[in-house]
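Hi,

Here is the structure I said I would pass on.

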Amino acid sequence: MVSVDPRPLPASIIALLITRIQHHPCIWDHDHEFFGHREQIDSAWRAIAEQTDVQEEHVRSLWNTVWNSCSRSGGNPIFNQLNKMSPTQTSPRSSPEAKSSPPRKREVCKKVSWSRYDSVNISGHLLMLPRRFANLEIIEAGPSRTVCSGADLLTEENVIIRKTPLKDQEQTARVYHNLKMGRLLPHPNILSVLDAFEAGDSLYTVTDMMDGRLADIVDEHLNHFVIAKIVYQLLSALEPLHSNGFHHGRITLNSVFINTDAVLKLSSYGDVVQNTSEEKFREDITSVGSILARLLLEEESFLKLSKIKSHNDLEWRTILQGNSDSGLVDFHARNMLYLLLGARCSLSDLLRHPYLLTFRKNAGKVPTIEAEHKDLSELSLSDVHGLLRDELNRYESPISLQDVQ
């Protein structure tokens with residue numbers, strides 16, 4: 001795992017690094033003619049690694065640690081010292097005005113300290129990340145994506161970073177759909193992308209870090225206040241999707257993130273295909289009913305309920321009669337479960353159910369998407385790539401797009 005050590009590094013290490021790196025301003029001087037040029041920077045790091053007899057990736061990681069630890073304060077003393085020690089003093093592109101305005105140069109350097117990026121090796125997994133991310137740790141790794149947690153030193157928040165290869169049409173379409181829908185239909189109960197950039201053949205997205213998933217708390221015997229809050233948020237997240245002709249199609253205990261204060265977020269905006277089929281909408285509502293059933297019932301009772309094929313079966317009615325052992329002693333909870341599993345009401349009616357009375361608000365008008373939605377399933381991979389890059393240009397990212405190309 002690569003991380004930024006919260007403890008200050010010894011002065012001897014900082015001094016040694018400065019001594020080695022001072023002769024390579026393309027790494028640290030924003031005004032240098034080769035700053036941001038991959039070939040020159042890689043060559044400089046190889047030379048430094050040979051001089052120090054340390055592996056290149058370790059030297060880079062140590063430098064990131066030194067740089068970021070000094071960048072969290074107002075100015076950057078490392079930059080000032082390098083500037084004094086550099087044999088060139090000023091870069092080839094520096095002007096007389098730049099020489100006479102050191103405060104401006106320090107300000108630019110502070111911005112660059114967040115936007116520069118490096119190839120980072122985290123437990124054997126290579127990611128291209130800006131230096132503003134620290135304390136990185138792999139959570140999930142596979143052929144379809146790599147997920148890591150980290151701290152954003154710019155916002156001082158914990159975040160999740162996902163690396164998704166853009167080689168598969170379906171996967172690329174899903175990533176584009178989430179980015180676009182997050183912009184057009186932002187919702188507090190759907191996980192939105194805070195930042196996104198493309199590097200190489202992969203897309204990196206940054207989202208809020210949540211405390212866990214619903215699957216982590218199903219056996220904790222939650223009270224009705226918490227359960228009702230969960231159901232209300234799930235239905236609220238579905239409302240703008242259904243109103244605009246989209247169904248989610250992937251609502252499960254593992255696809256819903258939740259915090260310790262019971263605030264939850266769907267992991268995505270769901271299916272990329274726009275579909276006005278009432279049957280698809282009912283499937284989403286039934287999925288919420290399945291989650292409610294698992295939260296209310298013990299696992300054995302839930303499995304028994306899930307095997308019932310007909311809602312008119314006697315066993316179904318027996319379970320919904322409720323008793324102190326089944327978790328359905330509350331009449332409103334039983335009635336809510338009955339309506340959800342049978343998809344017998346519209347979303348707007350369900351949101352007004354007495355079981356959700358505590359969380360009902362004066363709902364405003366559900367936003368409507370005016371932009372034309374293209375059927376992504378019919379587009380080629382290159383066409384979806386083009387749409388994705390157009391969407392990325394809409395992000396006012398602190399990460400320089402020029403740096404990551």
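**Salt bridges**

Arg132, Asp152 and Asp195 are joined to one another in a network of salt bridges. Before going further, please keep in mind that this is a predicted model. In total, the structure has ten salt bridges. I'll take you through a few of them.

Let's begin with Arg183 and Glu391, whose side chains meet in a salt bridge with an N to O distance of 2.5 Å. Arg183 sits in helix 7 (residues 169-184) and Glu391 in helix 14, so this pair ties together parts that are 208 residues apart in sequence.

Another salt bridge involves Glu198 and Arg389, and here the closest N and O atoms are 2.9 Å apart. Glu198 belongs to strand 6 (residues 195-199) and Arg389 to helix 14, so the pair ties together parts that are 191 residues apart in sequence. Glu198 counts as buried, at 15% relative accessibility, and Arg389 as partly exposed, at 40%.

Then there is Glu140 with Arg145: their side chains form a salt bridge at 3.2 Å, N to O. Glu140 is partly exposed at 31% relative accessibility, and Arg145 is partly exposed too, at 30%.

**Around Thr146**

Thr146 has its place in strand 4 (residues 146-152). Is Thr146 buried or exposed? With a relative accessible area of 11%, Thr146 is buried, because buried means under 20%. Setting aside its neighbours within four places in sequence, Thr146 is in contact with Leu127, Ile138, Glu140, Ala141, Ile161, Arg162 and Lys163.

**The largest nonpolar core**

Next, have a look at the largest nonpolar core, which has 45 residues. Which of them touch the most other members? They are Val231, Leu235, Met336 and Leu340. Several elements supply at least two residues each: helix 8, strand 9 (256-258), strand 10 (264-266), helix 9 (278-296), helix 12 (331-341) and helix 13. Helix 8 gives the largest share, with ten residues. Why can we say that the core lies between domain 2 and domain 3? Because domain 2 (118-209 + 377-395) and domain 3 (212-359) both give residues to it.

Leaving out its neighbours within four places in sequence, Met336 is in contact with Val231, Leu235, Leu292, Leu350, His353, Tyr355 and Leu356.

**Aromatic rings**

The count of aromatic pairs comes to three. One of them is formed by Phe225 and Phe359, with 5.1 Å centre to centre and 50° between the planes, which makes it tilted. Phe225 lies in helix 8 (residues 224-243) and Phe359 in the loop between helix 13 (347-351) and helix 14 (381-392), so the pair ties together parts that are 134 residues apart in sequence. Phe225 counts as partly exposed at 48% relative accessibility, whereas Phe359 counts as buried at 13%. Ring pairs also bring in Tyr232, linking Phe225, Tyr232 and Phe359 into a cluster.

There is a ring with a charge over it as well: Arg344 lies over the face of Tyr338, 4.1 Å from the ring centre.

Last, a couple of places to check in the backbone. Ser123 is not a glycine, yet it has a positive phi of about 55°. You'll find Ser123 in the loop between strand 1 (117-122) and strand 2 (125-130), and with a relative accessible area of 51% it is exposed.

Ala262 also has a positive phi, of about 70°, although it is not a glycine. Ala262 is placed in the loop between strand 9 and strand 10. Is Ala262 buried or exposed? Ala262 is buried, with a relative accessible area of 8%.

Best wishes

Notes
Residues numbered from 1 in each chain as written. Predicted model: local features only at pLDDT ≥ 70, side-chain atom pairs only at ≥ 80, totals over all residues. Heavy atoms only, no water. Phe/Tyr/Trp six-rings, centres within 6.5 Å; stacked < 30°, edge-to-face > 60°. Helix = DSSP H or I, 4+ residues; strand = E, 2+ residues; numbered from the N terminus. Buried < 20%, exposed > 50% of the residue type's maximum accessible area, 1.4 Å probe, protein only. Lys NZ or Arg CZ within 6 Å of the ring centre and 35° of its normal. Core = buried A, V, L, I, M, F, W, Y, C linked by side-chain atoms within 4.5 Å. Domains from an automatic or database assignment. Contact = heavy atoms within 4.5 Å. Salt bridge = Lys/Arg side-chain N within 4 Å of Asp/Glu carboxyl O.
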